[in-house]
Amino acid sequence: MRSRQAETELKSESTPTIEVIDFKTKFAESKAYAKTIDMELRKLEVQQANRHVGLLQSFMGDNFMNRGGDHDAILVLLMIPRIINKAELLASQIKDKFELTEDIDRDSVLKNHRAEQSSFSRMLVLLLNTLQGIMRQYDFALKTCNVDLLLKIGTLLPEISAHETSVDYFIELLRKDQLDETISLDLLEKSISYFQVNSNLIK
């Protein structure tokens with residue numbers, strides 16, 4: 001009799017009650033609901049911001065939207081810190097994805113791809129940090145330069161945009177879990193080289 005009672009008590013303790021399951025379900029639903037509301041509010045903010053920009057542009061002169069003009073210069077001002085943030089995000093996520101261990105033993109070299117992955121990820125993070133450093137120089141220069149230099153850099157918008165796309169390429173690979181040691185880093189190296197070569201414009 002006592003053994004049955006003890007067994008019943010043990011089952012009741014180990015099995016979640018209906019109230020607990022119901023609470024967890026409601027909590028998850030509430031969290032999902034709050035997330036949905038936040039996403040809708042952010043969507044509304046983006047729509048309002050775009051509408052705001054559109055209204056401001058309607059008051060600008062006809063030359064404002066001309067290629068190489070004030071509008072392109074503003075886009076470059078926005079693009080430079082955006083590239084910095086993307087590179088920082090990518091580097092952070094790579095550190096989380098790959099095990100950047102200091103010790104590489106014989107098995108890591110001969111029996112698996114751990115050494116290759118570590119080498120690849122370290123090189124990628126190094127390139128991203130290098131890109132961030134160069135872009136911060138551009139960011140500082142463009143915040144303190146005269147109008148003529150800002151407009152001159154604005155003429156480079158198509159080229160700079162192409163190099164932002166290179167960073168986007170690696171972000172997309174990471175998002176799809178396709179970023180590994182088989183991926184070439186040439187695009188990133190070319191972007192760094194481009195900004196280094198053109199850095200004389202901001203000095």
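This is a predicted model: local features need pLDDT of at least 70, side-chain atom pairs count only at pLDDT 80 or more; totals for chains, interfaces and linings use all residues.
**Stop 1: the overall count.** Select the rings of Phe, Tyr and Trp. With centres required to lie within 6.5 Å, the count comes to four aromatic pairs.

**Stop 2: Phe 98 and Phe 120.** Select both residues. Their rings form an edge-to-face pair, 6.2 Å centre to centre, with 70° between the planes. The angle is over 60 degrees, so the pair counts as edge-to-face. Phe 98 lies in the loop between helix 3 (70-97) and helix 4 (106-110). Phe 120 belongs to helix 5 (residues 114-144).

**Stop 3: Lys 97.** What sits over the ring of Phe 98? The charged end of Lys 97 does, 5.5 Å from the ring centre.

**Stop 4: Tyr 169 and Phe 170.** Move on to this pair. Tyr 169 and Phe 170 are also edge-to-face: 5.2 Å separates the centres, and the planes make an angle of 75°. Colour both by accessibility. Tyr 169 is partly exposed at 35% relative accessibility, whereas Phe 170 is buried at 0% relative accessible area.

**Stop 5: the cluster.** Finish by selecting Tyr 138, Tyr 194 and Phe 195. These three residues form one aromatic cluster.

How values were computed:
Residues are numbered from 1 along each chain as its sequence is written. Side-chain values use heavy atoms; hydrogens and water are left out. Rings of Phe, Tyr and Trp (its six-membered ring) pair if their centres lie within 6.5 Å; planes under 30 degrees apart count as stacked, over 60 as edge-to-face and the rest as tilted. Helices (H or I, at least four residues) and strands (E, at least two) are DSSP runs, numbered from the N terminus. Buried means under 20% relative accessible area, exposed over 50%, partly exposed in between (1.4 Å probe, protein chains only). A charge sits over a ring if NZ of Lys or CZ of Arg is within 6 Å of the ring centre and within 35 degrees of the ring normal.
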